[in-house]
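Subject: Structure handover

Hello,

Here is the structure I promised to pass on. My notes on it follow below the entry.

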Amino acid sequence: MRRWTLFLRAFTSKDRARRWSVGACDDDATTSLPPLMTASASCTLHAAFPDCVRQVDLGSQASVSSFIKHFCNCKVLLGVEVIARSGAWSRTTKAVLTSGVSRRGQVSAIPAGVVLPKGLSGETLRVCRKVCDKKGVFETGPPGSGKTFLLRKIIRALRDAGLTVAVCGTSGVAANMVGGITARSWAGFIHGHADVSLPLDHVVHEVIPRAAKGRMRDAMALVIDEIGTMSAEFLERLDEVLRAVRTCSTPFGGVVVIFAGDFLQLAPPVGSLAFCSHVWREVFGNRATELSTTWRHVNDAVLLCLLLRLRVGAQTDDDLALLASRRTDAPPASAVWLTTHTALATAKNDTELDKLEGQAVTFSAVDVIIAPYISMAQASELLDDGTDFVRRLILRFGAVVAVHSTYFHSRGIPAGSRGVVERFLSAGPAQIPVVRFFLAGGGFETSTRMCVLPLFFIGSKQCSAHVSYFSFAFFSQQVSQN
Ligand SMILES: Nc1ncnc2c1ncn2[C@@H]1O[C@H](COP(=O)(O)OP(=O)(O)OP(=O)(O)O)[C@@H](O)[C@H]1O
């Protein structure tokens, strides 16, 4: 099935401006459509969502804002229909864009008598059997105890048994590690945390796209990794939405959940811990599967034991003295820098980028007005508010970037994937970065056919990352336009 992605902010290399206003391309990046509209084409754009619940008329500023937010947060819309009031291309566009409309599916559930693949053993077999008995599983354990490792084996086994398993992480990076998408994208919470506090009816009927509802109806099991950073409020809303979409009053609408995480690691940025929710108690009570063998740092017993003590706040004076002895003003180049504020991460990124050799290539955002009633300044403000994308991005050979959206998901490069800029391709006046992505399952994927791809610059060393919000983004230009 083809999925179409539409983009609103366009970026160009330096001053050789070629503008994109609203562009569209499919998930294989094999086909693209011309910009649907530019500031000069003074007509109004309508976007009819596939379930026909909403028709966004860009004739009012509020609608533009929600339209932008929708694309920026959700990116992928199935069967979206874009109709211009004028313009010769509109009929063709409509026909192509509606080709991906998905059918309204029946609600799926784990059938009786599932035959698990042969050769399963140990914890994988135990969890799979529980899931087939429609019992939720929460696996926990210290860092490096193999929670994600086990999840991957469970997912493979259940899928081999013919079950539809939705795989999510609480963040892009967590989702990447387990080979899924963010829980927020999966559920179609296009306004992020705001959809947790909005009235349920509104979220179910007005916010969640049809594609997400289809996913929710199709799912038999739902895997969420790094559950420790999901708030109780988010989990309860997910439960309510699944019950409503699947018209089923059992927890999570009858979808069997498999959660993994460690509540002694990072807490949710907002709200309370997930186990404080009603639905958690309903599904798991006090049950948890604890993994106790630690596989990471297994060759460094001193570090491992120190980390395990720190995790539960049982560090000794010796531990603190050992940590203090490792403090240095000149950390190794490969050290990961953690910062508390975006500005600090940005400053560090800038410094690191300057150290890279090779010519700097600048990408600048070009904002265009798609409805004639707002000024350029207002449009840019809306984009600034509705997106994380900055106006200017400088890249060099060797820069580390991260994929911000689910755009490359179908190629095994989920949101949160990191890659290194290997070189720049010249396409006419434009410079297109060729990025080598590290795949979660191992290996690489090189992207040369990038098509309006949003990336974030996150550092200049392969193993460097910053735990603040990534501050840079750009859209590369489309080769076929030249
Ligand atoms: N059963 C196992 N046999 C061999 N290696 C394992 C096993 N379980 C995990 N590992 C390895 O241990 C490392 C850590 O595993 P994993 O990332 O799954 O741990 P985790 O508990 O999810 O960690 P975190 O809490 O930091 O997310 C990985 O390199 C993984 O390949």
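A residue is called buried when its relative accessible area is under 20%, exposed when it is over 50%, and partly exposed in between, with a 1.4 Å probe and protein chains only as cover. By that cut-off D262 is buried, because its relative accessible area is 3%.

Some conventions first. This is a predicted model, in which local features need pLDDT of at least 70 and side-chain atom pairs count only at pLDDT 80 or more, while totals for chains, interfaces and linings use all residues. Residues are numbered from 1 along each chain as its sequence is written, and side-chain values use heavy atoms, with hydrogens and water left out. Helices (H or I, at least four residues) and strands (E, at least two) are DSSP runs, numbered from the N terminus.

**D262**

D262 sits in the loop between β13 and α11 (278-284). Its side chain makes a polar contact of 3.0 Å with the side chain of Q265 and another, of 2.8 Å, with the side chain of R311. A polar contact here is a pair of N or O atoms within 3.5 Å; within protein, one atom must be able to donate a hydrogen and the other to accept it, and residues adjacent in sequence count only if both atoms are side-chain atoms.

**Ligand site**

Q265 also belongs to the residues around the ligand, along with P142, P143, G144, S145, G146, K147, T148, F149, E226, W295 and R296.

A polar backbone atom of G146 is 3.1 Å from a ligand oxygen. A polar side-chain atom of T148 is 2.9 Å from a ligand oxygen, and for a polar side-chain atom of R296 the distance to a ligand oxygen is 2.9 Å. The ligand taken alone exposes 630 Å², of which the protein buries 68%. Those areas come from the Shrake-Rupley method with a 1.4 Å probe; for residues, only the protein chains shown count as cover.

**Sheet**

Six strands make up an open sheet with parallel pairing, in the order β11-β10-β12-β13-β9-β14. β11 and β14 (289-290) are at the edges with a single partner strand each, so one side of each has no neighbour in the sheet. Two strands are taken as paired if DSSP finds at least two bridges between them.

Strand β10 (residues 165-169) has five of its five residues buried. On one side these are V165, V167 and G169, and on the other A166 and C168. In a regular strand the side chains alternate between the two faces of the sheet. Five bridges link β10 in parallel to β12 (residues 221-225); in this pairing V165 is opposite A221 and V167 has V223 as its bridge partner. Two bridges, also parallel, join β10 to β11 (residues 181-182), where C168 is opposite I181. β10, helix α5 (residues 172-178) and β11 form a right-handed β-α-β unit. Right-handed means that, with the strands pointing away from the viewer, the path from the first strand over the helix to the second runs clockwise.

β13 is likewise covered, with five of its five residues buried: V256, I258 and A260 on one side, V257 and F259 on the other. It pairs in parallel with β9 (residues 137-140) over three bridges, and with β12 over four. The chain passes from β12 through α10 to β13 in a right-handed β-α-β crossover.

**Positive phi**

Most residues other than glycine have a negative phi. T247 has a positive phi, near 40°, and F252 has one near 55°. T247 lies in the loop between α10 (232-245) and β13 (256-260), and F252 is found in the loop between α10 and β13. Are these residues buried or exposed? T247 is exposed, at 71% relative accessible area, whereas F252 is buried, at 1% relative accessibility.

Regards

Technical notes
A residue is near a molecule or strand if one of its heavy atoms lies within 4 Å of it.
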